[in-house]
Amino acid sequence: MPPRDYGRLKIFALPISCCVFALSSNAPIRIKTVCPRNCFDTCSIVATVQDGKITRIDGDPDHPITRGHLCAKGYSYLSRTYSPERLKYPLKRVGERGKGKMIRVSWDEAMGEIASRLKALRSKYGGETLIEYRYGGHRDIVAPLVAARFLNLFGATALGGTFCDASEYAGFLYTYGSLQSVPDEVWCEHTECIVIWGHRPETTHAHIVPFIFRAMERGAKLVVIDPIVTPLGSKADFCLQPRPGTDGALALGVANHILKINGEDSDFIRNHTFGFKEYKKLVDEWPVEKASKVTGVPKEGIQAVAKLIAEKDTIMQLGMGLNRYTNSHNAVRAIACLAGVTGNLGRPGACCYFLDKSADHFLTTNATRVSFPDGADIRRDRRLVCITGFNRAVLRARDPPIRAVICWRGNPMPQLMNVEDTKRALRRLDLLVVIDQFMTDTADYADFVLPACTFFEQYNLVPPYGHRYLQAAIPVIAPLHEARPDIDIWVELGRRVGFGNYFPEGWTWLDWARMIVPEGFPLESIINPAKPYRMPEDRRPEVPFKDGIFQTPSGKMEFVSNEIASYGKGKEGDWNPLPHYVEPDESPESRPDLKQRYPLIMISPLSPMRTH
Ligand code: SF4
């Protein structure tokens with residue numbers, strides 16, 4: 001393949017492990033790439049590179065949305081990349097599991113032994129004895145599909161689920177049928193009111209803040225709803241502080257007052273919604289006095305916010321905070337219903353959402369071409385483990401037991417609940433492989449630790465979920481030490497375990513990426529970092545729901561979800577089709593016995609140094 005020419009930097013699309021960076025001079029050059037963290041912003045980055053070393057990183061001022069901003073995490077990548085603590089070469093455990101005693105080995109030795117132990121375990125127990133552990137700190141979509149090809153061919157136990165956003169997804173999907181947003185640069189010129197609910201954009205969604213301020217300069221009101229007064233909350237017209245876990249009750253109280261002041265949009269309700277009568281009956285049970293008592297929010301605050309939402313074109317941006325307690329899918333549904341009852345949907349200044357995954361769906365149109373290769377005999381009904389119960393699944397799995405884990409882009413020790421269970425689970429494995437940039441608590445338990453590249457050293461395709469501009473992360477330096485790109489590791493493992501037919505020699509990242517994206521998609525143009533590529537309108541309308549059509553079973557915005565009720569038939573759990581309120585488990589109200597012993601509620605606002 002000919003070299004790609006980005007000014008003075010030539011990137012040769014050779015096999016990924018052989019990416020070569022040729023600089024025509026030793027003068028510093030500035031190369032654009034993109035941050036792949038699991039974050040709303042997907043910031044475009046300018047790396048200054050001299051003599052093959054990054055000397056500085058800045059935000060890209062030309063990016064239409066992130067506009068030169070990087071957060072503290074983004075700026076810290078320079079020191080992270082060159083940290084003396086980076087893993088430099090493969091390691092093999094020589095001491096007791098958990099003690100982190102390792103010796104240096106070659107890649108050949110590590111991969112050879114990992115492959116032969118995997119093959120032996122597969123012969124003894126079957127493919128489901130292996131499972132990956134991966135979570136989303138790094139949002140590239142290509143390497144996980146190449147890994148999925150390996151894991152599917154192997155017949156591994158599948159990993160599913162999420163720690164972070166399932167409740168909010170469910171809330172929106174069972175109300176609007178999809179999760180779509182109006183772009184920030186559009187609503188900021190139209191909206192009259194912004195409601196930020198359970199979200200701390202200053203640290204987790206920073207690019208939105210200038211758009212909020214732009215709308216406020218135009219006269220838009222700002223409402224922030226959060227148990228604590230956030231920095232943005234201190235600038236809001238109204239800052240409501242519900243008791244943690246009572247957002248659903250607050251939304252029902254707001255709805256009650258909207259109906260009381262006749263603030264509903266009757267035309268929208270009549271033409272575009274389903275189940276209003278039943279919803280109204282539920283809302284009638286939530287006068288503001290009751291909502292105030294349950295949530296701790298003064299009734300005047302509830303009334304004022306209800307009036308604003310009823311009278312003004314309103315954008316409601318929800319955050320991850322709403323995913324963190326039981327019944328939160330119903331809290332999210334109750335909030336989404338506020339936009340329905342006031343007709344705050346389908347206009348440039350009116351929408352309700354938390355994130356927008358259209359880019360993921362668009363870019364992974366042909367994902368199964370990679371993960372389920374043509375001609376391979378792959379069992380589709382394999383065991384599925386939800387990541388939140390990963391440690392217990394490893395401990396309890398029988399027939400076959402789980403004896404091997406490949407852990408990458410994740411760190412189960414701090415991520416999973418019950419660290420003692422996680423330790424027990426890792427101790428009982430026959431093979432634990434950790435692919436990471438640093439030693440971690442999990443790596444201390446590994447049989448092999450393999451050094452991974454940072455995003456400055458490998459290609460990534462990163463769908464944004466906070467804006468519409470696609471940009472590939474291109475490697476700006478060659479891999480440091482003996483680190484390898486993730487794809488290379490999975491491809492080599494595949495070839496060594498015996499799936500060489502499915503991992504063709506000489507394939508580059510571009511070959512895998514081309515298989516995934518839709519036909520006709522200009523992959524090359526997004527790899528040219530000079531200009532991020534805006535998602536096409538036909539895939540992601542600028543103003544969702546403007547035709548009044550929703551992707552629900554009724555085709556309408558659903559106050560009542562019969563789909564929820566039908567899924568729940570015969571099953572335990574809360575399958576109420578209405579967005580009713582239930583106290584969270586272990587709240588001071590639901591567990592007064594615990595309140596005696598633990599009178600305080602702890603919530604943990606996000607650190608600016610963590611994703612989300
Ligand atoms: S973590 Fe998010 S805000 Fe920070 S640099 Fe990366 S994409 Fe931007």
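Axes are lines fitted to C-alpha atoms, for helices over the stretch in contact, and angles run from 0 to 180 degrees between N-to-C directions. Helices (H or I, at least four residues) and strands (E, at least two) are DSSP runs, numbered from the N terminus. Residues are numbered from 1 along each chain as its sequence is written. The model is predicted, with local features needing pLDDT of at least 70 and side-chain atom pairs counting only at pLDDT 80 or more, while totals for chains, interfaces and linings use all residues.

Q: Why are H9 and H14 called roughly parallel?
A: Helix H9 (residues 247-260) and H14 pack at about 20°, and their axes are 7 Å apart. Angles under 35 degrees count as roughly parallel, over 145 as roughly antiparallel, 65 to 115 as roughly perpendicular and the rest as oblique. H9 and H14 are therefore roughly parallel.

Q: What is the handedness of the crossing where H9 passes H14?
A: It is a left-handed crossing. The term left-handed applies if the near helix is turned anticlockwise from the far one by less than a right angle, and right-handed if clockwise.

Q: What makes H3 oblique to H20?
A: The axes of helix H3 (residues 107-125) and helix H20 (residues 486-497) cross at roughly 55° and come within 9 Å. That angle makes H3 oblique to H20. Here the crossing of H3 past H20 is right-handed.

Q: How does the reach of H14 compare with the expected span?
A: Helix H14 (residues 328-341) has 14 residues and reaches 20 Å from its first C-alpha to its last, close to the 20 Å expected at 1.5 Å a residue. The expected span is 1.5 Å times one less than the number of residues.

Q: How many residues of H14 are buried?
A: The count is 14 of 14, and H14 is mostly covered. A residue is buried if 20 or more other C-beta atoms lie within 10 Å of its own, exposed if 12 or fewer, and partly exposed in between, with C-beta atoms placed from the backbone. After H14 comes Gly-343, with a positive phi near 65°.

Q: Why does Ile-141 count as buried?
A: Ile-141 has 20 C-beta neighbours inside 10 Å, so it counts as buried. Ile-141 sits in the loop between strand E9 (130-133) and helix H4 (142-154).

Q: Why is Gly-95 called exposed?
A: Gly-95 has 11 other C-beta atoms within 10 Å, so it is exposed. Its loop runs between strand E7 (91-93) and strand E8 (102-104). The C-alpha atoms of Gly-95 and Thr-175, 80 residues apart along the chain, are separated by 53 Å.

Q: Is Asn-418 buried or exposed, and why?
A: Asn-418 counts as exposed because it has 11 C-beta neighbours inside 10 Å. Its phi is near 65°, a positive value in a residue other than glycine.

Q: What makes Glu-586 partly exposed?
A: Glu-586 has 14 other C-beta atoms within 10 Å, so it is partly exposed. Glu-586 lies in the loop between helix H23 (562-568) and helix H24 (592-597), and its phi is positive, near 60°.

Q: Which peptide bond is cis, the one to Pro-400 from which residue?
A: The bond from Asp-399 to Pro-400 is cis, with omega near -5°. Pro-400 belongs to the loop between helix H17 (390-396) and strand E18 (404-408).
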